[in-house]
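Hi,

Here is the structure I promised to pass on. Have a look at it first, then read my notes below.

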Amino acid sequence: MNLTRASWLCAPHGASVRRGGPALFAAAFAAALGIVVTGQQPTETAVYTLEQANAGRAAYNTYCATCHRPDLGGQFEAPQLAGGNFMNTWRERTMANLVARIDETMPPGNAGAVSQAMATDIAAFILQANGGVPGTQRLAPTTAARFADVGMRQAPPVLAGAPAAGQAPAAAAAQQPTGLTLAGEVPNYVPVTDEMLRNQPAGDWLMVRRNYQGWSYSPLNQINRDNVRNLRLAWVWAMADPGENQPMPLAHNGILYLVNTNNIIQALNGRDGELIWEYRAGPYD
(Lines give C-alpha, C1' and ligand atoms only; values in the text may rest on other atoms or scores of the structure.)
Protein backbone atom coordinates (compact mmCIF):
# COMPACT_ATOMS: atom_id res chain seq x y z
CA MET A 1 0.00 0.00 0.00
CA ASN A 2 1.30 3.39 -0.90
CA LEU A 3 -0.79 6.48 -0.40
CA THR A 4 1.36 8.61 -2.66
CA ARG A 5 1.08 12.29 -3.37
CA ALA A 6 1.27 14.29 -0.41
CA SER A 7 -0.89 12.27 1.22
CA TRP A 8 -2.74 13.29 4.29
CA LEU A 9 -8.15 18.67 15.22
CA CYS A 10 -10.79 20.72 16.21
CA ALA A 11 -11.50 24.44 16.05
CA PRO A 12 -11.17 26.38 19.30
CA HIS A 13 -14.38 26.28 21.30
CA GLY A 14 -15.78 28.59 23.94
CA ALA A 15 -15.59 32.32 24.55
CA SER A 16 -15.12 34.36 27.67
CA VAL A 17 -18.25 36.04 29.09
CA ARG A 18 -17.82 39.65 30.11
CA ARG A 19 -20.26 41.11 32.63
CA GLY A 20 -22.76 43.23 30.74
CA GLY A 21 -21.19 42.36 27.37
CA PRO A 22 -22.74 40.89 24.21
CA ALA A 23 -22.00 37.31 25.27
CA LEU A 24 -23.92 37.78 28.54
CA PHE A 25 -26.81 39.37 26.64
CA ALA A 26 -26.89 36.44 24.19
CA ALA A 27 -27.00 33.96 27.07
CA ALA A 28 -29.82 35.87 28.77
CA PHE A 29 -31.74 36.08 25.51
CA ALA A 30 -31.35 32.34 24.95
CA ALA A 31 -32.51 31.63 28.48
CA ALA A 32 -35.57 33.82 27.91
CA LEU A 33 -36.46 31.64 24.94
CA GLY A 34 -36.13 28.49 27.03
CA ILE A 35 -32.87 27.41 25.40
CA VAL A 36 -30.45 25.58 27.68
CA VAL A 37 -27.00 27.10 27.45
CA THR A 38 -24.00 25.15 28.72
CA GLY A 39 -20.27 25.56 28.45
CA GLN A 40 -19.68 21.93 27.59
CA GLN A 41 -18.18 20.67 24.35
CA PRO A 42 -20.66 19.08 21.93
CA THR A 43 -20.83 15.31 22.10
CA GLU A 44 -18.60 13.72 19.47
CA THR A 45 -19.81 10.61 17.68
CA ALA A 46 -17.35 7.76 17.15
CA VAL A 47 -17.45 6.57 13.54
CA TYR A 48 -15.79 3.16 13.74
CA THR A 49 -15.81 0.07 15.95
CA LEU A 50 -12.95 -1.65 17.69
CA GLU A 51 -13.80 -4.80 15.74
CA GLN A 52 -13.25 -2.91 12.47
CA ALA A 53 -9.92 -1.50 13.64
CA ASN A 54 -8.68 -4.96 14.64
CA ALA A 55 -9.66 -6.36 11.25
CA GLY A 56 -8.04 -3.36 9.61
CA ARG A 57 -4.80 -3.96 11.48
CA ALA A 58 -4.62 -7.51 10.09
CA ALA A 59 -5.31 -6.28 6.55
CA TYR A 60 -2.80 -3.45 6.95
CA ASN A 61 -0.08 -5.87 8.04
CA THR A 62 -0.77 -7.98 4.96
CA TYR A 63 -1.07 -5.30 2.28
CA CYS A 64 0.45 -2.08 3.64
CA ALA A 65 3.11 -2.60 6.31
CA THR A 66 5.89 -3.51 3.88
CA CYS A 67 5.85 0.00 2.40
CA HIS A 68 4.34 2.10 5.20
CA ARG A 69 6.02 0.12 8.03
CA PRO A 70 4.23 -1.66 10.88
CA ASP A 71 4.18 1.56 12.93
CA LEU A 72 2.58 3.54 10.04
CA GLY A 73 5.67 5.77 10.04
CA GLY A 74 6.18 5.55 6.27
CA GLN A 75 9.41 5.36 4.35
CA PHE A 76 10.69 6.73 1.06
CA GLU A 77 7.79 7.12 -1.40
CA ALA A 78 5.28 5.63 1.06
CA PRO A 79 4.10 8.51 3.30
CA GLN A 80 3.40 8.52 7.02
CA LEU A 81 -0.08 7.32 7.97
CA ALA A 82 -0.07 8.24 11.66
CA GLY A 83 1.14 11.37 13.42
CA GLY A 84 1.40 15.09 12.84
CA ASN A 85 2.39 15.06 9.18
CA PHE A 86 -0.49 12.79 8.26
CA MET A 87 -3.03 14.82 10.25
CA ASN A 88 -1.77 18.10 8.80
CA THR A 89 -2.45 16.75 5.32
CA TRP A 90 -5.72 14.95 6.00
CA ARG A 91 -7.41 17.01 8.72
CA GLU A 92 -9.93 18.59 6.31
CA ARG A 93 -10.51 15.42 4.30
CA THR A 94 -13.17 12.85 5.10
CA MET A 95 -13.10 9.21 6.02
CA ALA A 96 -14.86 8.53 2.71
CA ASN A 97 -11.92 10.16 0.91
CA LEU A 98 -9.48 7.81 2.61
CA VAL A 99 -11.56 4.68 1.98
CA ALA A 100 -11.83 5.61 -1.71
CA ARG A 101 -8.09 6.24 -1.98
CA ILE A 102 -7.26 2.84 -0.50
CA ASP A 103 -9.97 1.03 -2.46
CA GLU A 104 -9.08 2.52 -5.84
CA THR A 105 -5.28 2.63 -5.76
CA MET A 106 -3.86 0.21 -3.20
CA PRO A 107 -1.63 -1.69 -3.25
CA PRO A 108 0.41 -0.13 -6.09
CA GLY A 109 0.50 -2.33 -9.17
CA ASN A 110 -2.27 -4.54 -7.81
CA ALA A 111 -5.22 -2.19 -7.33
CA GLY A 112 -8.35 -4.15 -6.52
CA ALA A 113 -6.62 -6.71 -4.32
CA VAL A 114 -8.05 -4.79 -1.35
CA SER A 115 -11.86 -4.92 -1.35
CA GLN A 116 -13.95 -1.91 -0.37
CA ALA A 117 -14.88 -3.61 2.91
CA MET A 118 -11.23 -4.29 3.65
CA ALA A 119 -10.30 -0.71 2.69
CA THR A 120 -12.92 0.53 5.16
CA ASP A 121 -11.44 -1.59 7.94
CA ILE A 122 -7.93 -0.32 7.12
CA ALA A 123 -9.24 3.27 7.29
CA ALA A 124 -10.69 2.47 10.73
CA PHE A 125 -7.31 1.17 11.85
CA ILE A 126 -5.59 4.32 10.56
CA LEU A 127 -8.12 6.45 12.44
CA GLN A 128 -7.45 4.46 15.62
CA ALA A 129 -3.71 4.92 15.13
CA ASN A 130 -4.29 8.69 15.00
CA GLY A 131 -6.20 8.79 18.27
CA GLY A 132 -9.76 8.33 17.09
CA VAL A 133 -12.06 6.86 19.74
CA PRO A 134 -13.99 3.68 18.80
CA GLY A 135 -17.68 3.28 19.46
CA THR A 136 -20.69 1.24 18.37
CA GLN A 137 -21.22 2.88 14.97
CA ARG A 138 -19.47 1.10 12.11
CA LEU A 139 -17.38 3.08 9.65
CA ALA A 140 -18.95 3.11 6.18
CA PRO A 141 -17.36 3.83 2.79
CA THR A 142 -19.56 6.96 2.62
CA THR A 143 -18.79 8.35 6.11
CA ALA A 144 -18.45 12.11 5.61
CA ALA A 145 -16.80 12.93 8.96
CA ARG A 146 -13.49 14.80 8.66
CA PHE A 147 -10.31 13.62 10.36
CA ALA A 148 -10.32 16.97 12.20
CA ASP A 149 -13.57 15.93 13.88
CA VAL A 150 -12.77 12.33 14.78
CA GLY A 151 -9.00 12.09 15.21
CA MET A 152 -6.64 12.84 18.10
CA ARG A 153 -9.29 12.36 20.83
CA GLN A 154 -7.15 9.91 22.78
CA ALA A 155 -3.46 9.07 23.07
CA PRO A 156 -2.64 7.03 19.94
CA PRO A 157 -1.93 3.39 20.82
CA VAL A 158 1.59 1.95 20.70
CA LEU A 159 1.72 0.08 17.42
CA ALA A 160 3.66 -3.09 16.70
CA GLY A 161 7.02 -2.23 15.24
CA ALA A 162 7.11 1.28 16.71
CA PRO A 163 10.05 2.24 18.96
CA ALA A 164 9.27 1.67 22.61
CA ALA A 165 8.92 4.70 24.88
CA GLY A 166 12.34 6.21 25.49
CA GLN A 167 13.98 4.11 22.78
CA ALA A 168 16.47 6.10 20.74
CA PRO A 169 16.03 6.22 16.95
CA ALA A 170 19.36 4.45 16.54
CA ALA A 171 18.16 1.58 18.70
CA ALA A 172 15.02 1.31 16.61
CA ALA A 173 17.09 1.42 13.42
CA ALA A 174 19.23 -1.43 14.69
CA GLN A 175 16.15 -3.64 14.44
CA GLN A 176 15.87 -2.99 10.69
CA PRO A 177 17.38 -5.44 8.17
CA THR A 178 20.85 -4.71 6.84
CA GLY A 179 22.63 -5.59 3.63
CA LEU A 180 21.21 -5.46 0.13
CA THR A 181 17.47 -4.92 0.59
CA LEU A 182 16.61 -4.25 -3.06
CA ALA A 183 18.67 -5.92 -5.76
CA GLY A 184 19.14 -4.09 -9.03
CA GLU A 185 21.78 -3.14 -11.56
CA VAL A 186 22.62 0.25 -13.03
CA PRO A 187 22.60 -0.20 -16.82
CA ASN A 188 25.87 0.44 -18.63
CA TYR A 189 27.64 1.47 -15.43
CA VAL A 190 31.07 3.04 -15.95
CA PRO A 191 33.43 2.94 -12.93
CA VAL A 192 34.63 6.31 -11.65
CA THR A 193 38.37 6.91 -12.05
CA ASP A 194 40.78 9.40 -10.48
CA GLU A 195 40.94 11.22 -13.81
CA MET A 196 37.16 11.56 -13.87
CA LEU A 197 37.26 13.09 -10.39
CA ARG A 198 39.81 15.66 -11.57
CA ASN A 199 37.96 16.41 -14.83
CA GLN A 200 34.32 15.47 -14.46
CA PRO A 201 31.86 15.14 -17.35
CA ALA A 202 29.57 18.18 -17.36
CA GLY A 203 26.51 16.17 -16.32
CA ASP A 204 28.16 14.46 -13.35
CA TRP A 205 28.50 15.47 -9.70
CA LEU A 206 30.94 12.97 -8.26
CA MET A 207 31.86 14.49 -4.91
CA VAL A 208 30.62 16.95 -2.31
CA ARG A 209 30.73 20.48 -3.82
CA ARG A 210 31.59 18.76 -7.13
CA ASN A 211 35.35 19.33 -7.31
CA TYR A 212 38.40 19.35 -5.09
CA GLN A 213 38.29 23.15 -5.00
CA GLY A 214 34.75 23.11 -3.56
CA TRP A 215 33.30 25.38 -6.24
CA SER A 216 29.75 23.90 -6.09
CA TYR A 217 29.41 24.89 -9.74
CA SER A 218 27.99 23.00 -12.71
CA PRO A 219 29.04 23.90 -16.26
CA LEU A 220 25.66 22.81 -17.65
CA ASN A 221 23.90 25.69 -19.41
CA GLN A 222 20.55 24.36 -20.66
CA ILE A 223 18.82 26.12 -17.75
CA ASN A 224 19.43 29.87 -17.74
CA ARG A 225 17.84 33.09 -16.51
CA ASP A 226 15.53 33.20 -19.52
CA ASN A 227 13.94 29.76 -19.15
CA VAL A 228 14.29 28.91 -15.46
CA ARG A 229 10.69 30.05 -14.87
CA ASN A 230 9.51 27.15 -17.04
CA LEU A 231 10.89 24.48 -14.70
CA ARG A 232 8.28 22.04 -13.40
CA LEU A 233 8.38 19.28 -10.79
CA ALA A 234 9.15 15.95 -12.49
CA TRP A 235 9.15 13.59 -9.49
CA VAL A 236 9.62 13.45 -5.72
CA TRP A 237 11.37 11.03 -3.40
CA ALA A 238 10.70 10.73 0.35
CA MET A 239 13.82 10.00 2.39
CA ALA A 240 14.12 7.68 5.37
CA ASP A 241 13.14 8.67 8.91
CA PRO A 242 13.95 9.23 11.72
CA GLY A 243 16.95 11.47 12.21
CA GLU A 244 18.42 14.60 10.72
CA ASN A 245 20.13 14.62 7.36
CA GLN A 246 21.67 17.13 4.97
CA PRO A 247 22.27 14.99 1.91
CA MET A 248 24.07 15.86 -1.29
CA PRO A 249 23.26 13.21 -3.90
CA LEU A 250 26.07 12.20 -6.21
CA ALA A 251 25.27 12.01 -9.93
CA HIS A 252 26.96 9.77 -12.48
CA ASN A 253 25.67 9.02 -15.99
CA GLY A 254 22.12 10.03 -15.08
CA ILE A 255 21.94 8.01 -11.86
CA LEU A 256 21.62 9.65 -8.42
CA TYR A 257 23.30 8.01 -5.43
CA LEU A 258 21.57 9.07 -2.23
CA VAL A 259 22.59 8.49 1.42
CA ASN A 260 19.69 8.48 3.91
CA THR A 261 19.78 8.45 7.69
CA ASN A 262 20.84 5.16 9.33
CA ASN A 263 23.27 4.59 6.44
CA ILE A 264 20.72 3.61 3.82
CA ILE A 265 22.21 4.03 0.35
CA GLN A 266 20.06 4.12 -2.77
CA ALA A 267 20.53 4.42 -6.52
CA LEU A 268 17.74 6.37 -8.27
CA ASN A 269 17.10 6.93 -11.95
CA GLY A 270 17.53 10.68 -12.37
CA ARG A 271 14.96 10.85 -15.16
CA ASP A 272 11.95 9.32 -13.42
CA GLY A 273 12.99 8.80 -9.78
CA GLU A 274 12.64 5.00 -9.90
CA LEU A 275 14.60 3.10 -7.25
CA ILE A 276 17.23 0.84 -8.84
CA TRP A 277 18.88 -0.67 -5.77
CA GLU A 278 19.11 -0.13 -2.03
CA TYR A 279 21.73 -1.12 0.52
CA ARG A 280 21.32 -0.77 4.31
CA ALA A 281 24.67 -0.62 6.03
CA GLY A 282 23.09 -0.25 9.47
CA PRO A 283 23.93 2.25 12.23
CA TYR A 284 27.48 3.07 13.26
CA ASP A 285 28.87 1.02 16.14
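How many helices and strands does the secondary structure of the chain come to? There are 9 helices and 5 strands, where helices (H or I, at least four residues) and strands (E, at least two) are DSSP runs numbered from the N terminus.

Before you dig in: this is a predicted model, where local features need pLDDT of at least 70, side-chain atom pairs count only at pLDDT 80 or more, and totals for chains, interfaces and linings use all residues. Residues are numbered from 1 along each chain as its sequence is written, and side-chain values use heavy atoms, with hydrogens and water left out.

Of the 285 residues in the chain, 34% are buried (under 20% relative accessible area, with a 1.4 Å probe and protein chains only).

Helix 6 (residues 116-129) is worth a look. It is mostly covered, with 11 of its 14 residues buried; among them are F125, I126 and L127. The buried residues pack against helix 2 (50-63), helix 4 (84-90), helix 5 (95-105) and helix 7 (147-150), with contact meaning heavy atoms within 4.5 Å. Just after helix 6, G131 has a positive phi of about 95 degrees.

The 5 strands make an open, antiparallel sheet in the order 1-5-4-3-2 (two strands pair if DSSP finds at least two bridges between them). Strand 1 (179-182) and strand 2 (250-252) are at the edges with a single partner strand each, so one side of each has no neighbour in the sheet. Strand 3 (residues 255-260) and strand 4 (residues 264-269) are joined by 6 bridges, and V259 has I265 in strand 4 as its bridge partner.

Cheers

Note on methods
Buried means under 20% relative accessible area, exposed over 50%, partly exposed in between (1.4 Å probe, protein chains only).
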